[in-house]
Every structure is written in structure tokens, then in C-alpha cells.
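Hello,

Here is the structure you were expecting. My notes follow below it.

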Amino acid sequence: MRPLQSIPKEDTFIHKRLRHDLIKSLREKKGITDERVLAAIDAIPRHFFLDPAFERMAYEDRAFPITAGQTISQPFTVAYQTQLLEINKYDKVLEIGTGSAYQACVLGEMGVSLYTIERQKALYDFVGKFFFLSRYPNIKRFYGDGFAGLPTYAPFDKIIITCGAPFIPPKLIEQLKPGGIMIIPVGEDEKQKMIRVTKDKDGKIFQQEMGDFSFVPMLQGRNG
Ligand code: SAH
């Protein structure tokens, strides 16, 4: 595990410039058009979330290993999923797969009330020591199984799943508000289709495919 994450790091002008280049590329080459999403990514030092060994590469559009065999999603994937959520400032949002908490901070920065679940105890505890999270009192973390969602806090305006799900968990559909949006990568093995699930005012469900992606698997039960 990384020893340094509880120690604040610096966000230098070099980091800021690299981040700016990443934003430019997401906007101009990768088709991210929601300026609120880009502003949130610009506000968050992604290198704080990575092992110091990867610090220089933090602003490349790549996924990286974090602790416990998991990954921090590629910036494009974070931007794309967040854009698909059509975030409004006071949305109540559920995230499955806290991981490094980078995606959580992007949503936190956008002002939503975020509930995020992680199934790996080691990762959940590790992120609890991360100094940067204190910036976002609007993020609430839970150790649990994302397949169950968070019935106590439901319903949610938006739900985002950041691991590859074998199917769309019925409990998450139940916990989505009428008029809500869920963004979930669905597929076994290493390949998933990004699916945009919407629930209309009458509770009817619609699904739309939004491209091919590759995530670590969504696993049943808690670990640790
Ligand atoms: N959003 C994260 C991505 C982490 S990778 C980030 O920005 O860094 C996906 C995460 O989903 C992993 O940490 C994995 O442990 C977690 N995960 C997998 N199955 C899960 C489940 N059933 N419930 C909650 N978290 C799960």
C-alpha cells in the first residue's frame, strides 16, 4: 500500500499545466462537452490519488493500478460517465465502487450529495485516511456490497457504477427515482457495454448502449 497518501502533496504549476492539457484534449479530441464536468476535473489534482511512482503520468489519459488490485479509471471514462449522468447541483447520487475516490471527488466538486460504496475493506479504510477528502463534506462513504445499494438513503436522482457488472442489479433499479438516470458498464469478463438506464415518471425503464469499455469486475458480497 502507498505510505504517503495521508500526507498532503503539492499541486504545482507543472501539474496544473498538465491538467489543463488533459482538459483540452478531453474537450477537443474526446468529445466531452459538459463544461461543469471539465471544470471539476480541472479542480482536482489527480496525482494526489496515485502511487508516487505514477505521479508524472497522472495527467495522461490512462487508468492506473491503485491498492488491492484495483484501478483508478481513465480520465476520459470518468468524464464520459459523469457527463452521461447530466448532473444537477443538488442531485442525490449513488456511486458503486469508491476505489481511489477520484470519481467521487469529481462528483463532490460538482456539488452533489454523494453516497459511495466500496466492497473491499482495505480500500475503504485506506481512502478514509486520504487528506483530500476532507474538502468534500458532501461525500459519504460506505463499506458494503453495491448489489444491495443503500436502501436507507434511497431513492437517488442518479446512480453510477464504476465496475463491470454482470447484469443490471434489480435493487439499484428500485433505488432510482422516477426521472432518474443510471450509468452502468454491463458485461462479463473484461469487456462491457456502457448502458444508460432511465426511469420515466411512471417507473418504466429504458436502456441505451453508449459504447465499449473495460472495467474491473463488480463482485458479489463484501471482502475483508
Ligand atoms: N470509482 C473508482 C474506480 C475504482 S475501480 C475510482 O475513481 O478510482 C472499481 C471499484 O469497484 C473497486 O475498488 C472494487 O473493489 C469496487 N467494487 C467491485 N464490486 C463492488 C461491489 N459489489 N460493491 C462495491 N464496490 C465494488
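**What was found**

L18 has 30% relative accessibility, so L18 counts as partly exposed (buried means under 20% relative accessible area, exposed over 50%, partly exposed in between; 1.4 Å probe, protein chains only). L18 is found in helix 1 (residues 13–28); helices (H or I, at least four residues) and strands (E, at least two) are DSSP runs, numbered from the N terminus.

Before the rest, two notes on the source. This is a predicted model: local features need pLDDT of at least 70, side-chain atom pairs count only at pLDDT 80 or more, and totals for chains, interfaces and linings use all residues. Residues are numbered from 1 along each chain as its sequence is written, and side-chain values use heavy atoms, with hydrogens and water left out.

**Aromatic pairs**

Rings of Phe, Tyr and Trp (its six-membered ring) pair if their centres lie within 6.5 Å; planes under 30 degrees apart count as stacked, over 60 as edge-to-face and the rest as tilted. By this rule there are 20 aromatic pairs. F49 and Y102 are edge-to-face, because their ring centres are 5.2 Å apart and their planes stand at 85 degrees. F49 lies in the loop between helix 2 (35–43) and strand 1 (64–65), and Y102 in helix 4 (residues 102–109), so the pair ties together parts 53 residues apart in sequence. F49 and Y102 are both buried. F130 and F132 make a tilted pair, 6.1 Å centre to centre with 35 degrees between the planes. Both of these, F130 and F132, are buried too. Ring pairs link a cluster of F48, F49, Y102, F130, F131, F132 and Y136.

**Strands 8 and 9**

Strand 8 (residues 192–199) and strand 9 (residues 205–213) run antiparallel, joined by seven bridges; two strands pair if DSSP finds at least two bridges between them. They form a hairpin with five residues between them. In its turn, G203 has a positive phi of about 85 degrees. R196 has Q208 in strand 9 as its bridge partner.

**Salt bridges**

The whole structure holds twelve salt bridges (a side-chain nitrogen of Lys or Arg within 4 Å of a carboxyl oxygen of Asp or Glu). One joins R196 to E86 (2.8 Å, N to O). This pair links distant parts of the chain: R196 in strand 8 and E86 in the loop between helix 3 (75–84) and strand 3 (92–96), 110 residues apart. R196 is buried, with a relative accessible area of 17%. E86 is partly exposed at 43% relative accessibility.

Best wishes
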